[in-house]
Amino acid sequence: VHGEYIIVKMQEIILQISLGLTSILASKCFIIAAIINWSIGLSFVAYFYLKSKKLRNLNKEMKEKMLPFINSPEKWNWWVFSLCSFFMIPRIIGFLLLTITYTSMIKLLTIGTTKSFTGWRRLIMKLVGRLFARLGMLCGSFVWIDESDCDIDLARWLGEKWKEAKPQGRAPIFTANHIAWSDVLFFMSRSEFPAFVASKQIANLPYYGYLAKAFGSFFVERADKDSRDVTLKAIKERVQSIKDYPDSPQLVIFPEGGTSNGLYLLRFKRGAFEALEPIQPYYLKYYSPYCNPACDSIPLHLQLLLMMCQPYSTISAHRMPVITPTDFMYEKFKALGSSKAEIFAAVVREIYSTTFNITKVDNTLEEKLKLRTYLYSSAQINGFLNLM
């Protein structure tokens, strides 16, 4: 009996030692993983610091010429970037897992049908997509969205009876200033769950191109006139479909055609206004205490990773009244364009500028491309990296 007692005690001691060693090993593995994780994040911050040298040293003349595309790196806090780079890899993994999971779910919804997403399929895509968008924004450091209505009087632009011209149903088109990739996720997180008019390069992206097509988006090659004409025709057809069928997704069109730093307003293109139908304008404003979250002079991949090295960022979304073009507007502002669509675009741009005190500029997206080409190698600018 005494011998059995000794054996049992020895087994307990061995078990305790094993558990202790396992705990120490697990702790060491966690510490090693944390060190590796943080090292990768710090390496990116160091890499980006070196890559942004030209941007940080731009001369005054270049800055003044490219005002809507300058991200003001002198305001960046590299110590905060370094500290929060610990979260970069977990956020990347989270973002990729969300994308793969949501895309896989959409593919499952297509089993047994060749039709577009309607009925219960679109309902599931919408409900899960809104959750995906919100979680995706959290991965990108966007912790809060503040949405508010702007009660403004549009009589000076549309005439005294402008409220009577409001549509009874949905406005078929949303417009917004374009700042970053998160603009898309903001609209995805809304109850309307709209489709988009996007660059043709988006269609070829793994996962995201498939999702954009599933939403019912259109793709345009900005430099190809024939592609632009086809897109304008498709927009008109979609607008009519939205008016006729309640299941048709509304369209989001960023009339600037590309991103800026959010501090200036580029010239509006006429695509969103060609149908001469009511639009629902939004004004988006971003806040981050340590950098501007804009895809301006910074290519998309670097900006996305930089946002994942932020402690937090917020979005303010200001919803303006629906704008319906009127004869008063066409007559009063006929000097602003040679067609009704151009007049409509110019007036809406003026409303944005006046309401939110944004300076209008005539800089083009071609100038932004030249700036990026100067700041980074041309090979980095092609394809995926020049999406916004």
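**A guided reading of the predicted model**

Leaving aside its neighbours within four places in sequence, Thr324 is in contact with Leu158, Ala165, Lys166, Pro167 and Pro278, where contact means heavy atoms within 4.5 Å. This is a predicted model, in which local features need pLDDT of at least 70 and side-chain atom pairs count only at pLDDT 80 or more, while totals for chains, interfaces and linings use all residues. Residues are numbered from 1 along each chain as its sequence is written, and side-chain values use heavy atoms, with hydrogens and water left out.

Thr324 belongs to the loop between strand E8 (313-319) and helix H13 (327-332). Helices (H or I, at least four residues) and strands (E, at least two) are DSSP runs, numbered from the N terminus. With a relative accessible area of 12%, Thr324 is buried. Buried means under 20% relative accessible area, exposed means over 50%, and partly exposed lies in between, for a 1.4 Å probe and protein chains only.

Seven strands form an open sheet in the order E1-E8-E7-E2-E5-E3-E4, with mixed pairing; two strands pair if DSSP finds at least two bridges between them. At the edges stand strand E1 (142-149) and strand E4 (218-220), each of which pairs on one side only. On average, neighbouring strands of this sheet are turned by 25° against each other, direction ignored. Such angles run from 0 to 180 degrees between N-to-C directions, and the axes are lines fitted to C-alpha atoms, for helices over the stretch in contact.

Within the sheet, strand E7 (residues 279-287) pairs with E8 in the antiparallel sense over six bridges, and Lys285 stands opposite Ser316 in E8. E2 and E7 run parallel and are joined by four bridges, with Phe174 opposite Gln280 in E7. Seven of the nine residues of E7 are buried, so this strand is largely enclosed by the rest of the structure.

The interior can be described through its nonpolar cores. A nonpolar core is a set of buried Ala, Val, Leu, Ile, Met, Phe, Trp, Tyr and Cys residues joined through side-chain atoms within 4.5 Å. The largest one has 64 residues, of which Tyr102, Ile106, Met125 and Phe187 touch the most other members. Helix H5 (residues 88-109) supplies the largest share of this core, seven residues. Beyond its neighbours within four places in sequence, Tyr102 is in contact with Met125, Val128, Gly129, Phe132, Phe193, Leu211 and Phe215. A second, separate core of 38 residues includes Val220, Met320, Met329 and Ile343.

Most residues other than glycine have a negative phi. Phe193 has a positive phi of about 45° although it is not a glycine. Phe193 lies in the loop between helix H8 (182-188) and strand E3 (195-199) and, at 0% relative accessibility, counts as buried. Leu276 likewise has a positive phi, near 55°. This residue is found in the loop between strand E6 (264-265) and E7, and its relative accessibility of 31% makes it partly exposed.

Charged side chains complete the account. Side chains of opposite charge can pair when their charged atoms come close. A salt bridge is a side-chain nitrogen of Lys or Arg within 4 Å of a carboxyl oxygen of Asp or Glu, and the whole structure holds nine of them. In one, the closest N and O atoms of Glu147 and Arg190 are 2.3 Å apart. Glu147 lies in strand E1 and Arg190 in the loop between H8 and E3, so this pair ties together parts that are 43 residues apart in sequence. Glu147 is partly exposed, at 32%, whereas Arg190, at 11%, is buried. Glu147 also meets Arg319 in a salt bridge (2.5 Å, N to O). Because Arg319 lies in strand E8 and Glu147 in strand E1, this second pair ties together parts that are 172 residues apart in sequence. Glu147, Asp149, Arg190, Glu192 and Arg319 are linked in a network of salt bridges.
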